[in-house]
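Please open the structure in a viewer and keep the selection tool at hand.

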4 protein chains.
Amino acid sequence: MIDYRSDNTGRAAPEILDALIRANSGTALGYGADEWTARLQERFAEVFETRVRVFPVATGTAANALSLAAISPSWGLVYCSEAAHINTAEANAAGFFGGGLKLVPVPGNHGRIDPDAFSRMLAAIAPGQLHRGQPAAVNLTQASDLGAVYRLDEIRAITEIATRRGLKIHMDGARFANALARLGCSPAELTWRSGVDILSFGATKNGGALCDAIVVFTPELADGLAVQLRRAGQVWSKMRFASAQLMAYVEDALWLRLAEASNAAAARIAGGIAGLPGLRIVAPVEANEIFLELPSETMDGLERDGFLFYRRSSTLARFVCRFDMTEAETDALVAALRRHCAAPARAAE
Amino acid sequence: MIDYRSDNTGRAAPEILDALIRANSGTALGYGADEWTARLQERFAEVFETRVRVFPVATGTAANALSLAAISPSWGLVYCSEAAHINTAEANAAGFFGGGLKLVPVPGNHGRIDPDAFSRMLAAIAPGQLHRGQPAAVNLTQASDLGAVYRLDEIRAITEIATRRGLKIHMDGARFANALARLGCSPAELTWRSGVDILSFGATKNGGALCDAIVVFTPELADGLAVQLRRAGQVWSKMRFASAQLMAYVEDALWLRLAEASNAAAARIAGGIAGLPGLRIVAPVEANEIFLELPSETMDGLERDGFLFYRRSSTLARFVCRFDMTEAETDALVAALRRHCAAPARAAE
Amino acid sequence: MIDYRSDNTGRAAPEILDALIRANSGTALGYGADEWTARLQERFAEVFETRVRVFPVATGTAANALSLAAISPSWGLVYCSEAAHINTAEANAAGFFGGGLKLVPVPGNHGRIDPDAFSRMLAAIAPGQLHRGQPAAVNLTQASDLGAVYRLDEIRAITEIATRRGLKIHMDGARFANALARLGCSPAELTWRSGVDILSFGATKNGGALCDAIVVFTPELADGLAVQLRRAGQVWSKMRFASAQLMAYVEDALWLRLAEASNAAAARIAGGIAGLPGLRIVAPVEANEIFLELPSETMDGLERDGFLFYRRSSTLARFVCRFDMTEAETDALVAALRRHCAAPARAAE
Amino acid sequence: MIDYRSDNTGRAAPEILDALIRANSGTALGYGADEWTARLQERFAEVFETRVRVFPVATGTAANALSLAAISPSWGLVYCSEAAHINTAEANAAGFFGGGLKLVPVPGNHGRIDPDAFSRMLAAIAPGQLHRGQPAAVNLTQASDLGAVYRLDEIRAITEIATRRGLKIHMDGARFANALARLGCSPAELTWRSGVDILSFGATKNGGALCDAIVVFTPELADGLAVQLRRAGQVWSKMRFASAQLMAYVEDALWLRLAEASNAAAARIAGGIAGLPGLRIVAPVEANEIFLELPSETMDGLERDGFLFYRRSSTLARFVCRFDMTEAETDALVAALRRHCAAPARAAE
């Protein structure tokens, strides 16, 4: 069996668990008042080249929903891609933590927001009208939920539109490292230098174990968020075990190496199946996910071959590469796809 | 320095972290659909001698607030001890997750609810009146927030009053193992056989690292809670790393051994200072916490001696024993208290 | 100036205000414990041919949002037409009162839900999956937000699909009387006999002044809703002044006469412009609203003529008839539309 | 029967209903965009000698809860008197609208907050600690829920403590006119000149019918509140009928004349029973309420005599005077109390 179901089905990077084990000595104050968490603040300030506040949290859903609640009033409209994880897969956590804020899906290609569509939608809401709530924030999923990556100028096109209307910007970086590795830019460029106020900093899907983080670039958001996290049950009393994981995650560029590995695996597969008849690569393979339009017979065949993956519909399959995917595993998928994509043609003869 | 600040300043039991490491092989479905979490259900069914649903969560605050939200409508009144953690230390997480439910403090001694006071308070709310909300649930902190332990008959006195009025019962078991070790009864007796519907099952304070759990005894509460946990950001995608910790926690009675050790340390201290002039043991030392009324000069002296502990007020100090407290450490505290309690008397001469 | 902007720009029916004045004598218990409110229960039981609970509320938004919160858990998905008022015009009140419930727009024509689309959308959500929330309720706007009316069999097609999946049914009857007048069926047939659990009973748009109501057909919803209304600030202490209005509204079939009048005005206009080149009637004119696709120059011309109406977009205009619209007023609109619809053709020569 | 149960059991002042009737002509834009509501803004600016925003709402509970939600984050602590209506009688509406904010009762006499107790309670919460939420606002009930009235210097003592800590100030003026009439100061002095940010402006208990209002003195609170009121279902589409009532309420000092009448009735009773053995006036009778400690036999006797009033406990009775209470009615109560208070003494012989 070769598992392409998700990057969350995978192992944690040993370096991260080692750090957790090493944190298990002595006593330390609870709820983030420990030395590990203090060093985490400093380390992320270096990584992002600015003073930030870093809050470890249990899950990406918590990171997203609490970030959005921090930048939108309860009557806010939060714009996001139609395919955004916050819109399709988090049980409306944003609406819950945000006291009834409303997600507004914006069209666009490959899981990204189209700036023109976004601009038109904002223009249609008069400031001060009461009946629809008020635009408050925009959410960018980077990498996107279809495996594409926003370029810096694409991000800035959106954040400029948003900022002109007074909206705040949240980036859902569940696969932030994958996007960063792809673009080769700095973490600062990808975030606050492009207008991002607050970031869901994903680690779990890229070799982490039990924590992600919220990174706050806009200082006035942090104090309220700190209390909200406490009452949201997202402040571990033994926080050092989370902070130590996040420290290890960025140490010696581990996070980028892990992301490069999973990106490379996806690219290798995409390269190997480019131009194959009988399938369509739905979005540019720019991170570690591949979405393919395939006949369901082809999917059946892959499953018989021992591949695990998700069927998003009867003709859409998702394959996700993990950091520890081997070339043998990616080559096996390529070979199988080639075999099956030839087969149906023959069958149809 | 000897640290009596809290049981959350301490290390995790190595067995628990070992289990986490061992879980790091192969791939596994996310969000609790893995084998570790399946086995956890079975294991806890044995521990509690009934079919239960176990949901690992990041923190005790999440366990408490989401449990209460599961058993109370948003207009509910939730009765708890005046000293209850949910009332004094969780930033009103219960009110937040519960959509505005209201905590109603009930008097009682040593952090416990007095059944007669509870009964009178319920009687004062006519069913069907609209102005105060409606009684919905009761919360028992076991062990209590002042270090005492409810006996089984004391629990049942309260759950009977509650059940007669249609209330559901939540037990905050942040120190459940300590109470269990103290009473020597079975987990079943301490919970569902005494009327408890839902339990915050604490592990962190007793040698855990990054997870606690909710244990549901009343089946109809579980399905809704499962969705609510997902949107609360409390369902880890790599759940196996949490479930593995909880499995290790109850394996070979580890949890009880850890609790017995911290209980014994506290008892040893309490025994050593019993009858000392110049201090008062505020509540029976039945778990791993000791609350002492002390002159602030005595507290100053202890701090100079290198003891770390919390000052709850100018005359109230809290000392918490961890599972790995040594006899040398407890004896040192006893000796210091004896020394200082003699000293002020001399100073006053 | 002839005002077609909305039915809420209009006067109240004098009979309703007279009743309010008549209620102003003697003293009466507050918060609905008065005789007027007691008689209201009986009167509506007759109107609906079954025991109901009637709760006067200040606005239709309150009626809708609190009804939905009563039939959906906070993690629920509430299906509604894309054009539904709850989705487009109430500032996500349903999400707020419902603790983060999510509205799911369903396609369909003329502001109605298409049963097949609804059925497919339900089928796409597996029971027990956690990631999207769970289907909980369906909302039917009757008459629809585009001026059409569901026939009884259309309602039942939807409520049967919903009920099979365990969903509850809410009807937004902001223009309930208009739909009733159109269909000629009984209030019972249009609601509980067709599967409706709870109704927003509109009066304001049909000659009311300051109150609408919630009518509960499914008894177990009522007690909790009563408390929720109290804390929502929707229970007037001097409730008699609201209940008296609602009594007058249904007395001697006043509500139906008012609705017939506004329906007739709309039908007269629709009849007068049928087949005109240069405009398109967007949806069947079955209640008191007319939606027209028109060139913006035509709209400009109508405004110059002194007609007030809403531009929903640059090519969509809404005209709403009130109960006191005269034939002269409707004929004036027809004449103007004929004039302008001829004009652009000439202008284009 | 003479009814002392509440000021909400009474009639509306005819002037107010007359104004409602007069508003029933012509058409007017909905949701507060009408001329009546525009004039209301101007009129209240004169009354309060400053620019204000006035929002008519259906009930005092809505006014209180939405005001508090406007000045407190969801993790806020809102300080109020132990006897405050928001704490004892509104089904925790503040917690609901405030997303889980927590009310903190402060001791004090006669339903008022004691400044020293308040100050000590604030000092006990360290800024930045996460575990209890953060102080956000203070609520003053004026007149108090025990019938007393804060003097200006008493208000300012509290608002100064609050403002130093960054708290906002809400006044629950359900009986604002009664307090104003008692103190003889200006509305400005009683509110923003004494530090009040936002006021629940009560009309219902003082001759109103179906509306109260929120008056905002701190401009930055108003825009968000406007949207929140819309989604709270508190913005009538036919707002003119509410605004017209409020205009009439303050016209020609009607509100003060009504309040003077009910205050005078209460004072007449208080004067008539002062010093009577067998009863105790619980709080200074400074508005229109009288709280008496009485033997329950005396209460039985009064009921047999045909007096209606509320028993707050077996020994505490509340009598409320309405604006249209006659001297005959007040004298009858005095006479009855004298008769019964003599009687028990004889019975005891």
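Select chain C and chain D together: between them there are 30 residue pairs in polar contact (both at pLDDT 80 or more). A polar contact is a pair of N or O atoms within 3.5 Å; within protein, one must be able to donate a hydrogen and the other to accept it, and residues adjacent in sequence count only if both atoms are side-chain atoms. The model is predicted: local features need pLDDT of at least 70, side-chain atom pairs count only at pLDDT 80 or more, and totals for chains, interfaces and linings use all residues. Residues are numbered from 1 along each chain as its sequence is written, chains are lettered from A and ligands numbered from 1 in the order in which they are written, and side-chain values use heavy atoms, with hydrogens and water left out.

Helices (H or I, at least four residues) and strands (E, at least two) are DSSP runs, numbered from the N terminus. H11(C) gives the largest share of that side, four residues. By class, the side of chain C comprises 22 nonpolar, 20 polar and 11 charged residues; Ala, Val, Leu, Ile, Met, Phe, Trp, Tyr, Cys and Pro count as nonpolar, Asp, Glu, Lys and Arg as charged, and the others, Gly among them, as polar. The number of salt bridges between chain C and chain D is zero, a salt bridge being a side-chain nitrogen of Lys or Arg within 4 Å of a carboxyl oxygen of Asp or Glu.

Next, select chain D with chain A. Here 16 residues of chain D are in contact (heavy atoms within 4.5 Å) with 16 residues of chain A. About 1400 Å² is buried between the two chains, 66% of it on carbon and sulfur atoms; buried area is the accessible area (1.4 Å probe) that two parts lose on being put together, summed over both. On the chain D side, Trp75(D), Leu130(D) and Val227(D) lose the most area to chain A, together 43% of what that side buries.

Which residues of helix H8 (residues 176-183) of chain D are buried? They are Phe176(D), Ala177(D), Asn178(D), Ala179(D) and Leu180(D), where buried means under 20% relative accessible area, exposed over 50%, and partly exposed in between (1.4 Å probe, protein chains only). Gly184(D), with a positive phi near 70°, follows H8(D).

Move to chain A and select Phe48(A) and Phe176(A). Their rings form a tilted aromatic pair, 6.2 Å centre to centre with 35° between the planes. Rings of Phe, Tyr and Trp (its six-membered ring) pair if their centres lie within 6.5 Å; planes under 30 degrees apart count as stacked, over 60 as edge-to-face and the rest as tilted. Both residues, Phe48(A) and Phe176(A), are buried.

Finally, select Ser186(A), in the loop between H8 and helix H9 (187-190) of chain A. Ser186(A) is buried, with a relative accessible area of 15%. Apart from neighbours within four places in sequence, Ser186(A) is in contact with Glu49(A), Leu180(A) and Arg193(A).
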